[in-house]
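Open the model and keep the sequence beside it.

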Amino acid sequence: MDILVIGSFMMDHIIKTPRAPIKGETIIGDSLKIMPGGKGINQAVAASRLGANVSMAGMLGDDVHGKSFLKVLENENINSDNILINNKSSTGVGMVVNEDDGDNRIIVIPGSNLEYNLDDLYKIRNEIKRSKILVLQLEMQLEVMEEAINIAHDLSVPVVLNPAPAQKLSKELLSKVTYLTPNETELGILTGDKIDSIDQAYKSAKKLLDLGVNNVIVTLGDKGVIYLTEDERGYIEAQNVEAINTIAAGDSFNGALAYCLVNDKSLGESVEFANCVGALTVTKDGAIPSLPYLEDVLEYISKI
């Protein structure tokens, strides 16, 4: 197995609107779409569509949304042997307000994602051991993610941690992360800094290196991407595309990064490829529906 994703499922309710309302305001929206999403499944699908051998662990509710996600896993050729079903909590839901300029605002109701516990995690220790890379996010219980990182570290399995939704993380946890992939908001929360320039992003990323992270990759939206290690630093400009919906851009970036890393690409090559995948993702609507296939990415790269 190439990639094991331990992560979340969120059935996205996407509201298209000219702009988000301010406090106390009611506005007329354009449309509502219900689409499968969630950082875990998005990243798993992104990697699988690029050609990686992907397995996923997590928890769904025993409901209509849960059944829909099982179908997604099957259709996307993602191993679902370690997906658990909970009959007490519903499948996670995300409420997405997508504005005309491509920006979005999201409220997440985790549901059964938070029912996945340490006992469930310990049962897949051998799955972690067999994987080439472990991909994690923070839409599940933090203690579960911390322990997953501990297990991977003990087994010498590299970890990609997408620290979203953003929150403070301990030095002990960060010291065991191989690849940390915050956006600028998450970088600011992790370090306590205001990220108002690329130079500041580098300075803040260096703080994370000093805490023990091996590789820090910061996505900066339309300002591009930076990456930093003890021996290397790099900057890649954002691709010039028309953004329709940015909801899964970070997830596709992380899935693509993991795909490249298990295929022995250098960090610079991996980040550059993932940057193109993220750019393609924002040109389409929805989360999973927007994730590109390898042939789409290669065609895009051939034209730039």
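Helices (H or I, at least four residues) and strands (E, at least two) are DSSP runs, numbered from the N terminus. Buried means under 20% relative accessible area, exposed over 50%, with partly exposed in between (1.4 Å probe, protein chains only).

This is a predicted model: local features need pLDDT of at least 70, side-chain atom pairs count only at pLDDT 80 or more, and totals for chains, interfaces and linings use all residues. Residues are numbered from 1 along each chain as its sequence is written, and side-chain values use heavy atoms, leaving out hydrogens and water.

Which residues of helix 2 are buried? They are Gly66, Phe69, Val72 and Leu73. These cover an arc of only 110 degrees around the axis, so they sit on the same side of helix 2. The arc is that of the directions from the helix axis to the C-beta atoms. On the other side of helix 2, Val64, Lys67, Glu74 and Asn75 are exposed. Just after helix 2, asparagine 77 has a positive phi of about 60 degrees.

Now move to strand 12 (residues 225-228), where leucine 228 is found. Leucine 228 counts as buried because its relative accessibility is 8%. Beyond its neighbours within four places in sequence, leucine 228 is in contact (heavy atoms within 4.5 Å) with Tyr202, Ala205, Lys206, Leu209, Asn214, Asn215, Val216 and Arg233. Asparagine 214 lies 14 residues from leucine 228 in sequence and 8.7 Å away in space, C-alpha to C-alpha.
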